Amino acid sequence: MEVKPESRYRFLSIREYPKITEYITRFDTEATRVNSIAILIGLLTGLVIGVYDRTLQYSNTLFGMQQGFSLHEFPYYYVILMPALGGLLVGLISHYLIKTKYGVEGLIETVTLRGARIKLRDSFLEVFTSIITISSGGALGKEAPGVLAGAGTGALVGRIMKSPERQLQTLLGCGAAGGIAAAFSAPLAGVVFVVEVIYGELETRTFIPIVISSVFATLVSSTLFGIKPIQISPYQLVSPYKELGLYLILGLLAGLSLHS
């Protein structure tokens, strides 16, 4: 039987394989799609936090605040001038460029009341100002910027894929968890933070993608950028009874201050 040349290399449609079509349809669910997007968000968030960490190191060098230096090694005017300069730059950017300030509190409000729709320009500008603040000696850590950078990444992916509001809330949480996990190489911390602080409740539909995103974000940041967990210095009680009593008083005062 003669075979026509044009049919010899014909590509069959996937519809001509009913078993494959049935297999794909069985696993093509909302949970599968969200988990797949969570992997992507985790990878991207790990890259974003890695770039943030490297930029912070270069900025520290620019401001002369390299890690390991003691403040006693700087002249007194330098210690006063650098934070003032950093504060001035952050103030100008915040006043003229940032229209909506988020932070962790604003992010919680956005997820709860505004359908997880954040202004990406403002969120990433806020992350950028955190680099200036930390590098110039300001009192700020990487927690809030990491959360905001990750949330912005998750919201950006959700916006590109035109995700519905309920799914967008999950994707934003995936990014926020990935941000914490990548910044400190602590995936469990990212999961607990988002579940307890951002969502305030534990649901299966959000928990699994958050875990996935945190793991992949940590994998990228630790493998490609060498971000390691926080090293806690060893400490021993010098006078157990005296110090424990002071810690008890400190805890009571802290609780009273929060209550008031």
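User: In this predicted model, is Asp122 buried or exposed, and what is its relative accessible area?

Analyst: Asp122 has a salt-bridge partner, Arg121, with the closest N and O atoms 3.8 Å apart. Buried means under 20% relative accessible area. Asp122 falls in that class and is buried, with a relative accessible area of 4%.

User: Which parts does the salt bridge between Lys142 and Asp53 tie together, and how many residues apart in sequence are they?

Analyst: The two side chains meet at 3.2 Å, N to O. Lys142 lies in the loop between H6 and H7, whereas Asp53 belongs to helix H3 (residues 30–63), so the bridge ties together parts whose separation in sequence is 89 residues.
Asp53 counts as buried, at 12% relative accessibility. The parts tied together are thus the H6–H7 loop and helix H3, 89 residues apart.

User: Over the ring of which residue does the charged end of Lys142 sit?

Analyst: Lys142 also has the salt bridge with Asp53. Its charged end lies 5.7 Å from the centre of a ring, and that ring belongs to Phe184.

User: What relative accessibility does Arg205 have?

Analyst: The side chain of Arg205 meets that of Glu203 in a salt bridge of 3.0 Å, N to O. Glu203 is partly exposed at 26%. Arg205 also counts as partly exposed, and its relative accessibility is 34%.

User: Which helix gives the largest share of the lining of the second largest pocket?

Analyst: This pocket holds about 200 Å³ of space and has 14 lining residues, with Glu126, Val127, Thr129, Ser130 and Leu140 nearest its centre. Helices H4, H6 and H7 each give two or more residues to the lining. The largest share, five residues, comes from H6.

Methods: Residues numbered from 1 in each chain as written. Predicted model: local features only at pLDDT ≥ 70, side-chain atom pairs only at ≥ 80, totals over all residues. Heavy atoms only, no water. Lys NZ or Arg CZ within 6 Å of the ring centre and 35° of its normal. 1 Å grid on protein atoms, 1.4 Å probe; cavity = no way out; pocket = protein on both sides within 12 Å on 5 of 7 lines; lining within 4 Å. Points joined across faces, edges and corners; volume = space filled by probe spheres on them. Helix = DSSP H or I, 4+ residues; strand = E, 2+ residues; numbered from the N terminus. Salt bridge = Lys/Arg side-chain N within 4 Å of Asp/Glu carboxyl O. Buried < 20%, exposed > 50% of the residue type's maximum accessible area, 1.4 Å probe, protein only.
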